[in-house]
Amino acid sequence: MSRLLQVSDKDFDKEIIHSGIPVMVDFWAEWCKPCKAMEPMIEELAREYQGKIRFAQMNVVNNRDIPARFGIRNLPTLMFFKGGKVAQTIIGGQPRNRIDEELQKLL
């Protein structure tokens, strides 16, 4: 079972902006090969940071408003939120240590 919360345009603010803990959002699409390649690693990180950082995914094909609001133009895009604000954005496929670095900064 996935530990990644699936968010939509409708519940993004409630689940991400108003989250009581930091959040990493993975903006992805089904056709994006780097997105699919990173998913197992992101799931693993979600297990390791459980209770400290929330991990969410947003399918940009099914949700257009939020990606437009944050200027998402390339996939995958990982956005790190703390206190309802964007703390960092990483674009493109990344190694685990790069993502882990940003997660540590959120704590």
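## A tour of the sheet, its helices and its rings

Start with the strands: they form an open sheet of 5 strands in the order S1-S3-S2-S4-S5, with mixed pairing. Next, find the edges. These are strand S1 (5-6) and strand S5 (85-91), and each pairs on one side only. Keep in mind that this is a predicted model.

**Stop 1: strand S4**

Select residues 77-82, which make up strand S4. How many bridges join S4 to S5? There are 6, and the two strands run antiparallel. Thr-77 stands opposite Ile-91 in S5. Lys-82 has Lys-85 in S5 as its bridge partner.

Now look at the turn. S4 and S5 form a hairpin, with 2 residues between them. Click on Gly-83 in that turn: its phi is positive, at about 60°.

Then move to S2. S2 and S4 also run antiparallel, joined by 5 bridges. Select Asp-26 and you will find Leu-78 of S4 opposite. Is S4 mostly covered or mostly open? S4 is mostly covered, with 5 of its 6 residues buried.

**Stop 2: helix H4**

Select residues 96-106 to show helix H4. H4 lies across S2, S3, S4 and S5. Its direction is at about 15° to that of S4.

Which residues of H4 are buried? Colour Ile-99, Glu-102, Leu-103 and Leu-106. These four cover an arc of only 100° around the axis, so they sit on the same side of H4. What covers them includes S2, H2, S3, S4 and S5. Show those elements together with the helix.

Now turn the helix around. Asn-97 and Lys-105 are exposed, on the face of H4 turned away from its buried side.

**Stop 3: the ring cluster**

The structure holds 5 aromatic pairs. Begin with Phe-12 and Phe-27. Their ring centres are 6.5 Å apart and their planes meet at 35°, so this pair is tilted.

Phe-70 lies in the loop between helix H3 (65-69) and S4, while Phe-12 lies in helix H1, so the pair ties together parts that are 58 residues apart in sequence.

Phe-12 has a relative accessible area of 0%, so Phe-12 is buried. Phe-70 has a relative accessible area of 23%, so Phe-70 is partly exposed. The cut-off for buried is under 20%.

Finish by selecting one more ring, Phe-81. Ring pairs link Phe-12, Phe-27, Phe-70 and Phe-81 into a cluster.

Methods
Residues numbered from 1 in each chain as written. Predicted model: local features only at pLDDT ≥ 70, side-chain atom pairs only at ≥ 80, totals over all residues. Heavy atoms only, no water. Pairing = 2+ DSSP bridges. Contact = heavy atoms within 4.5 Å. Axes fitted to C-alpha atoms, helices over the stretch in contact; angles between N-to-C directions. Buried < 20%, exposed > 50% of the residue type's maximum accessible area, 1.4 Å probe, protein only. Arc of directions from axis to C-beta. Phe/Tyr/Trp six-rings, centres within 6.5 Å; stacked < 30°, edge-to-face > 60°.
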